[in-house]
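Subject: Structure handover and notes

Dear colleague,

I am passing on to you the structure that we talked about, and my notes on it follow below. Please open it first and keep it in view while you read.

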Amino acid sequence: MSSIIILGIESSCDDTSASVISDGILLSNVTANQSVHANFGGVVPELASRAHQQNIIPVVHEALRLANVQKTDLNAIAFTRGPGLLGSLMVGTSFAKGFAQALNIPLIDVNHLQAHVLAHFIKLDISDLDKPEFPFLCLLVSGGNSQIILVRSYNEMEVIGQTIDDAAGEAFDKCAKVMGLPYPGGPHIDRLAKTGNPKAFTFNKPQIPEYNYSFSGLKTSFLYMLRDKTKENPNFITENLNDICASIQSTVVDILMNKLKKASIDFKINQIALAGGVSANSALRQAFYDYEKKYSWKVFIPPFEFTTDNAAMIAITGHFKYLDNQFCKMNEVPYSRVTNQF
Ligand code: KG4
C-alpha cells in the first residue's frame, strides 16, 4: 500500500509554516516567525499578511526539500481555514488552492483549534505510539483561546467550555505589560515566578458557571492591587517582582485546573491532554503531573514545537480528514471566528 503524504500550510496569525507528513509520521515542519511585530507590543494584522506573502513560497520549498518529497508525491494539501486573522488566512488559503489546482490533488480545509488538539497524534517515528484514547478532554490554552474540548474521535470534537472574555495567554500578557515586562509576557512571568512565592499575594477567582472561564476580572484586580501598592511604595513592583509573578501564575493555573477537574469528574474521563502556546508554562505542566498522580489521570503534553502555531498539526489533521474523505471545495473562504463544533 502506498503512503499518504500530506502538505500542511499554516498562516492563521504571525507564523508562516509548512509541513510534510507521511502516514502520520512527521517528515518536516518549517516555520518562519515574523520579527516585524516586536516593536508594536502585539501582532499587526496588515504587516502579518505581507510577511506571509513573502514567506510562503520559500517555507513550502524548504518543507518539501527537508522531507525529501517531490511535489508530485503529495496526495493532498491541507490548510488552516480559520479561526484567525482574515488577511493572514487568505494568503495560506489562496496558496493552497493554487497549488492543489496545479497538482490536481484534493484540498483539505482545517480548523486551527481541531489541529491544536490533533497535534497529539503527530508521530515522530514509527514507534511513537503513546497517544490519547477516545474520548479524552483537551485543555487548549493560547494567546487567543482558553477552551475545554471533548474529543470523541479525530473528526468529532465539541467545545464544552471556553473563556467568556480574555484568554489565559492574554491574561498573562496583559498582567506582564502592567509590570513593564516585554511582549509576549507569558514566558517572562514563568521565568520570574520560578524564584517567587505563589502564596505571597491572593487575587479573586471568577465565579463562572459550567466549564467556562473568565480572566478579565483577574486582570482588573491585578491592576488595582498594583496601583494601590505602588501608591504606598513606588518600588513595590521591582521589589516584589518574583512573588507577584508566582502569585498571578498560580492563580491562572488554579482557575484552569479547577474547571478541567470538574469536567473530568462530570464526564468520567481521565485521559487529559494539554494544547496551545500556554502549555509551555512550567506551573501548568507541573499541575498536570500533580493531578495525574492525585486523581489517576493519564496526561498528554505534546513537544513544545507542536504547541505553538505550526503546520505539522495542520498536516496531521489533513491526514485524518483525508482518511475520512473530508475534502474542501475550491470556492470555500476563510473564517475568522471560533466555532463550537469541529
Ligand atoms: O498558541 P500561541 O503560540 O499563539 C497564540 O494563540 O497567540 O500562544 C501564545 C501565548 C502568548 O499569550 C504567550 O504569552 C503564552 O502563549 N505563553 C506562555 C508561556 N509561553 C507562551 N504563557 C505562560 N507561560 C509560558 N511559559
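**What was found**

An oxygen atom of the ligand lies 3.3 Å from a polar backbone atom of Gly169, which falls within the limit for a polar contact, a pair of N or O atoms within 3.5 Å (within protein, one must be able to donate a hydrogen and the other to accept it, and residues adjacent in sequence count only if both atoms are side-chain atoms). Before going further, please note that this is a predicted model, in which local features need pLDDT of at least 70 and side-chain atom pairs count only at pLDDT 80 or more, while totals for chains, interfaces and linings use all residues. Residues are numbered from 1 along each chain as its sequence is written, and side-chain values use heavy atoms, with hydrogens and water left out.

A polar backbone atom of Gly143 is 3.1 Å from an oxygen atom of the ligand, and a nitrogen atom of the ligand has a polar side-chain atom of Asn281 at 2.9 Å. Of the 560 Å² of accessible area that the ligand has on its own, the protein covers 82%; such areas come from the Shrake-Rupley method with a 1.4 Å probe, and for residues only the protein chains shown count as cover.

The ligand sits in the largest pocket. A pocket is found on a 1 Å grid over the protein atoms alone, as an open set of points where a 1.4 Å probe fits, with protein on both sides within 12 Å along at least five of seven lines, and a molecule sits in a pocket if more than half of its atoms lie within 2 Å of its grid points. Helix H4 (168–178) and helix H5 (186–193) are the elements that give two or more residues to the shell around the ligand; helices (H or I, at least four residues) and strands (E, at least two) are DSSP runs, numbered from the N terminus.

There are 15 residues around the ligand, and Gly143, Asp173, Asp190, Gly277 and Asn281 come nearest, where a residue is near a molecule if one of its heavy atoms lies within 4 Å of it. By class, this shell has five nonpolar, eight polar and two charged residues, with Ala, Val, Leu, Ile, Met, Phe, Trp, Tyr, Cys and Pro counted as nonpolar, Asp, Glu, Lys and Arg as charged, and the others, Gly among them, as polar.

Gly185 has its place in the loop between H4 and H5. Is Gly185 buried or exposed? Gly185 counts as buried because its relative accessible area is 1%, and buried means under 20%, exposed over 50%, and partly exposed in between (1.4 Å probe, protein chains only). Although Gly185 and Gly41 are 144 residues apart in sequence, their C-alpha atoms are 9.8 Å apart in space.

**Backbone features**

Most residues other than glycine have a negative phi, and most peptide bonds are trans. The peptide bond from Gly82 to Pro83, however, is cis, with omega near -10°, and Pro83 is in the loop between strand E4 (76–82) and helix H2 (86–103). Another cis peptide bond, with omega about -10°, joins Phe134 and Pro135, and Pro135 is placed in the loop between helix H3 (112–118) and strand E6 (136–141).

Asn68, which is not a glycine, has a positive phi of about 60°, and this residue lies in the loop between helix H1 (45–67) and E4. With a relative accessible area of 68%, Asn68 is exposed. Val69 is likewise in the loop between H1 and E4, but Val69 is buried, at a relative accessible area of 9%. Lys268 also has a positive phi, near 55°; Lys268 is found in the loop between helix H7 (236–267) and strand E9 (271–275), and is exposed, with a relative accessible area of 75%.

**One contact along the chain**

Which residue has its C-alpha atom 5.0 Å from that of Pro83, 254 residues apart along the chain? The residue is Arg337, in the segment after helix H9 (312–323), and Arg337 counts as exposed at 67% relative accessibility.

With best wishes

Notes. 1 Å grid on protein atoms, 1.4 Å probe; cavity = no way out; pocket = protein on both sides within 12 Å on 5 of 7 lines; lining within 4 Å.
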